[in-house]
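Dear colleague,

I am handing over the structure below for your attention.

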Amino acid sequence: MVVSAIALHLDPGQKITLQPVSWQRFEEILGQLDNKRSSRIAYAKGILEIMSPLPEHERTKVILADMVKILLRVQKRAWEPLGSTTFKRESMVAGIEPDDCFYIQNYKAVIGKTRLDLSQDPPPDLALETDLTSETETDAYEALGVPELWIYSRGKLIINVLQEGKYIESLTSPIFPNIALTEIIPRYMDRAKIVGASQALQEFELFINNQY
């Protein structure tokens, strides 16, 4: 089986699932996949998923990531963005490629690094996903110990906070505890559909600035 051919022939919105997949086979598949691919992977509990996002998925994830950057900038906090970096850890038998992710509390630990080893480096402090529907993806984030996972889907923001190795849905974000993000972010996501992304982000930044 030519794994790279599978990835290349995935239409937007399609997903394939392979199981059981050993850690060694997972590493082999990653090595065969084209680095320029648009597909994403999730691996946990012996299940490997390869997904090709829809165009609207890409637009939403960019806007959501820009909102996080605005929040951090307004609060004058340092961060390191790692985008859709492949995070994996053999001891946890898990791997994931987020839509986007940020090192905030631990940003100093990854400055200048081009490769991360989660057996030594911390996981990202915040991961972002849009339209996440797979238990495998959530299992991978839990196994890798990502403290906070945001899922934006169907006009709703869900904030998941890791507690004792499992995600608990929270109304507030520990990273941004004083802002009602589950209300505000969907509002400006809807606004982007009316006035466009750039205008909606400007309005979002003005709103956030007025909170401080």
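Arg 73 and Glu 205 are joined through their side chains by a salt bridge, with 3.2 Å from N to O. This pair connects distant parts of the chain, since Arg 73 belongs to helix 3 and Glu 205 to helix 6 (residues 197-209), 132 residues apart. In general, side chains of opposite charge can pair when their charged atoms come close. The structure holds 10 salt bridges. Please note that the model is a predicted one.

The two helices that carry this pair also pack on each other. Helix 3 and helix 6 meet at an angle of about 30°, and their axes lie 10 Å apart. An angle under 35 degrees counts as roughly parallel, and the two helices are therefore roughly parallel to each other. Their crossing is right-handed. On the side of helix 3, the contact is formed by Ile 63, Asp 66, Met 67, Ile 70, Leu 71, Arg 73 and Val 74; helix 6 contributes Ala 197, Leu 201, Phe 204, Glu 205, Ile 208 and Asn 209. Sorted by class, this contact has nine nonpolar, one polar and three charged residues.

Helix 5 packs against both of these helices. With helix 3 (residues 55-74), helix 5 (residues 181-195) makes an angle of about 130°, the axes being 11 Å apart. That angle makes helix 3 oblique to helix 5. The crossing of helix 3 with helix 5 is right-handed. Helix 3 supplies Thr 60, Ile 63, Leu 64, Met 67 and Leu 71 to the contact, while helix 5 supplies Leu 181, Ile 185, Tyr 188, Met 189 and Ala 192. The residues of this contact comprise nine nonpolar, one polar and no charged.

With helix 6, helix 5 packs at an angle of about 145°, and the axes are 7 Å apart. This crossing, too, is right-handed. The residues of helix 5 that take part are Ile 184, Ile 185, Arg 187, Tyr 188, Arg 191, Ala 192 and Val 195, and they meet Ala 197, Gln 199, Ala 200, Glu 203, Phe 204 and Phe 207 of helix 6. By class, there are nine nonpolar, one polar and three charged residues in the contact of helix 5 with helix 6.

Five strands form an open sheet in the order 1-3-2-6-5, with antiparallel pairing. Strand 1 (15-18) and strand 5 (87-89) are at the edges and have a single partner strand each, so one side of each is left without a neighbour in the sheet. From one strand to the next, the twist averages 15°. Strand 1 and strand 3 (residues 47-51) run antiparallel and are joined by four bridges. Within this region, Leu 18 stands opposite Leu 48 of strand 3. Helix 4 (residues 135-144) packs on the sheet, where it touches strand 2 (40-44), strand 3, strand 5 and strand 6 (94-96); the direction of helix 4 makes about 110° with that of strand 6.

Two points of backbone geometry remain. The peptide bond from Gln 19 to Pro 20 is cis, with omega near -5°, and Pro 20 is found in the loop between strand 1 and helix 2 (23-32). Lys 76, a residue other than glycine, has a positive phi, near 55°. Lys 76 lies in the loop between helix 3 and strand 4 (80-81).

With kind regards

Definitions and conventions
Residues numbered from 1 in each chain as written. Predicted model: local features only at pLDDT ≥ 70, side-chain atom pairs only at ≥ 80, totals over all residues. Heavy atoms only, no water. Axes fitted to C-alpha atoms, helices over the stretch in contact; angles between N-to-C directions. Parallel < 35°, antiparallel > 145°, perpendicular 65-115°, else oblique. Left-handed = near helix turned anticlockwise from the far one by under 90°. Contact = heavy atoms within 4.5 Å. Nonpolar A, V, L, I, M, F, W, Y, C, P; charged D, E, K, R; others polar. Pairing = 2+ DSSP bridges. Salt bridge = Lys/Arg side-chain N within 4 Å of Asp/Glu carboxyl O.
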